[in-house]
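Reader: Please give me a close look at one part of this model. Start from a single side chain, then go on to a neighbouring topic, the sheet. Keep it short.

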Amino acid sequence: MCSSDLSGVVQKVSRGNVFVDLGRAVAVIPAAEKIPGEFYKTGQRIKALLYEVVDTPRGVHLNISRSHPRLIEALFVIESPEIASGTVEIRDIAREAGSRSKISVISHDESIDPIGACVGQRGVRVMTVKGELAGENIDIVPWSEDAGEYVSNALSPARVLNVTIDEAEHIAHVDVADDQLSLAIGKEGRSEEHTSELQ
């Protein structure tokens with residue numbers, strides 16, 4: 001179960017695991033929870049998500065993650081007062097850690113643009129989050145209760161001609177013009193995969 005974001009200093013790297021000094025405790029980033037291709041240096045300050053607390057005969061073990069999708073939400077809570085207050089909500093996250101993430105957002109206040117609340121003036125908020133995640137691309141799309149509209153939003157910037165939802169199979173059939181196909185599919189099919197995860 002996810003708890004919160006934590007900031008700490010890399011203490012050591014051993015057998016693929018990263019030990020992080022949190023001040024009052026030492027947590028571990030298991031090899032499977034690292035961002036692929038990211039290197040960690042002793043003394044480096046990083047942020048991670050506490051996702052597991054294990055009580056063992058030798059004491060409590062804290063497991064933290066750099067690749068968990070909810071780390072993105074935790075970082076936006078730090079950067080965006082609108083998200084921290086709950087006025088803007090991140091509804092879904094699809095993440096390929098180290099490469100690309102897609103989040104859908106909704107505002108509970110009609111006067112506040114949910115995408116703008118994440119991006120910030122001159123993109124400073126989203127750029128800060130990207131910087132913490134080694135430059136990982138983050139796409140922000142508006143969430144919608146209408147499944148067809150939601151799929152269209154998720155495939156942006158591709159122009160979608162038609163969306164047919166198969167509720168029984170949880171499948172969306174999408175029509176796009178030939179010149180929009182590569183945009184809709186994305187590099188190595190990533191947009192298609194992320195759209196599936198967002199649903």
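Author: A polar contact is two N or O atoms within 3.5 Å; inside protein, one must be able to donate a hydrogen and the other to accept it, and residues adjacent in sequence count only through side-chain atoms on both sides. This is a predicted model: local features need pLDDT of at least 70, side-chain atom pairs need 80 or more, and totals for chains, interfaces and linings use all residues. Numbering runs from 1 along each chain as its sequence is written, and side-chain values use heavy atoms, without hydrogens or water.

Asn63 sits in strand β5, residues 59–65. Strands (E, at least two residues) and helices (H or I, at least four) are DSSP runs, numbered from the N terminus. Asn63 has 14% relative accessibility, so it counts as buried (under 20%; exposed is over 50%, partly exposed in between, with a 1.4 Å probe and protein chains only). Its side chain makes a polar contact of 2.8 Å with that of Glu52. Leaving out residues up to four places away in sequence, Asn63 touches Val28, Pro30, Leu49, Leu50, Tyr51, Glu52 and Val54. Contact means heavy atoms within 4.5 Å.

Now the sheet. Three strands form an open sheet in the order β6-β7-β8, with mixed pairing. Pairing takes at least two DSSP bridges between two strands. β6 (88–96) and β8 (137–142) are the edges; each has a single partner strand, so one side of each lacks a neighbour in the sheet. β7, residues 100–107, runs parallel to β8, joined by six bridges. Val105 stands opposite Pro142 in β8.
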